[in-house]
2 protein chains.
Amino acid sequence: MSYIDNLNWRYATKKFDSTKEITEEKLEALLDAATLSPSSYGLQPYKIIVIEDPVLRARLKPAAWGQSQLTEASHLIVLANQTDFGEELVDDYLQNVSETRNIPVEDLAGYASFMKSKLLDLTQEEKAKWTEKQAYIALGNLLSAAADMKIDTCPMEGFDREQFNDILGLSDDSLNTAVLVTLGYRSKNDETQHYKKVRKPKKQLITHI
Amino acid sequence: MSYIDNLNWRYATKKFDSTKEITEEKLEALLDAATLSPSSYGLQPYKIIVIEDPVLRARLKPAAWGQSQLTEASHLIVLANQTDFGEELVDDYLQNVSETRNIPVEDLAGYASFMKSKLLDLTQEEKAKWTEKQAYIALGNLLSAAADMKIDTCPMEGFDREQFNDILGLSDDSLNTAVLVTLGYRSKNDETQHYKKVRKPKKQLITHI
């Protein structure tokens, strides 16, 4: 199936088949794809939290309006953006560049200064807004990668952010629950899989200049 | 090539081959993929602006720090999020649902109220932040779709937003330049294509609970 066929196949899954689990091998392949997501300067200012623990997921469910996917999907992924950062974000990245590409870190000093001049003067709120957008690039890629692997997904913004952060203990690490993705396999009883996909007509969504 | 191979093949292209153009057919396929991007409630609160006009692109270039991709790539896409909206966003969507799925719009009244209760009480700033994140899902999907089609891309956040909005006349339509994507084919002189890809180690990026 083509990329577009996969996008047509996918839908926001309302009912997962709770007896079907994503295999370890497929999960790792999906996480490899997520790890390859582009981000601004390549900084990846977020964490990908994969939650299998059923007790924890039952605790999180009420904080997501009791939506059944929280406990019935095979896996729950929380994309958590860094709400704040200092120069270590850039320095750690350039250390990685240095090791990966075998370049002395001193040779990257100019690039380090450039990135720091762009990022470190942002307010904390601007930093959090920017890192959250980077997490959403990963979200878009993750949903497409899952569709390619015939794994069903439901991205979810309907949750109490403070409760999620509290239960997952994210705030102490300057992390914030940006968005959830539940993943697994659609239940044959999920009627919504048969609904025709609704998208804006291209001539309304797209402008050519 | 697999999805992951494609993600490894792609990179943020610094120099495009200005003699190579994306064909009309490929561009339409790419825009089909972008149109299929998921968004919250399916509302797609953004526009995809495809800019070919070389005069306009030359005007925009100084507002993007003079980066060469603006004029040398085959195409420039601006993802522009709606900075404000009223109930028409929901009503237009449900009109589309009604027509696509052949359901009387009256039957969707409950869903309309639900969505409006979630969205219309947001402040204008919250609305703009939320619509921008939806545009970033489309960005993630667009970059992956292009890689699948062996089209090179460079996503770009380095530009003067106000100047872009002014030159493109977006503000009058409550639109805002969220992010740019330049698209085309890599120049064989772009040394960065040979650099080893840098990503956080999985054990650092990903937490399993």
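In what order do the five strands of the open sheet stand? The legends below take up this question and the contact between the chains.

**View 1. The open sheet draws its strands from both chains.** In this predicted model, the order of the five strands is 5(A)-1(B)-2(B)-4(B)-3(B), with mixed pairing; strands pair here if DSSP finds at least two bridges between them, and strands (E, at least two residues) and helices (H or I, at least four residues) are DSSP runs numbered from the N terminus. Strand 5 of chain A and strand 3 (152-156) of chain B stand at the edges, each with a single partner strand, so one side of each is left without a neighbour in the sheet. From one strand to the next the twist averages 25°, with axes taken as lines fitted to C-alpha atoms and angles running from 0 to 180 degrees between N-to-C directions.

**View 2. Strand 1 of chain B pairs with a strand of chain A and with a strand of chain B.** Strand 5 of chain A and strand 1 (residues 46-51) of chain B run parallel and are joined by three bridges, and H208(A) stands opposite V50(B). Strand 1 and strand 2 of chain B, by contrast, run antiparallel and are joined by six bridges, with L76(B) in strand 2 as the bridge partner of I51(B).

**View 3. Helix 2 of chain B has buried residues covered by elements of both chains.** This helix (residues 24-35) has twelve residues and reaches 16 Å from its first C-alpha to its last, close to the 16 Å expected at 1.5 Å a residue, where the expected span is 1.5 Å times one less than the number of residues. Its buried residues (20 or more other C-beta atoms, placed from the backbone, within 10 Å of their own) are L27(B), L30(B), A33(B), A34(B) and T35(B). Their cover includes helix 1 and helix 9 of chain A, together with strand 1, strand 2 (75-82) and helix 7 (124-148) of chain B.

**View 4. The contact takes 53 residues from chain A and 53 residues from chain B.** Two residues are in contact if their C-beta atoms, placed from the backbone, lie within 7 Å. On the side of chain A that touches chain B, helix 7 of chain A gives the most, with 13 residues.

**Numbering and confidence.** Residues are numbered from 1 along each chain as its sequence is written, and chains are lettered from A and ligands numbered from 1 in the order in which they are written. Local features need pLDDT of at least 70 and side-chain atom pairs count only at pLDDT 80 or more, whereas totals for chains, interfaces and linings use all residues.

Definitions and conventions
A residue is buried if 20 or more other C-beta atoms lie within 10 Å of its own, exposed if 12 or fewer, and partly exposed in between; C-beta atoms are placed from the backbone.
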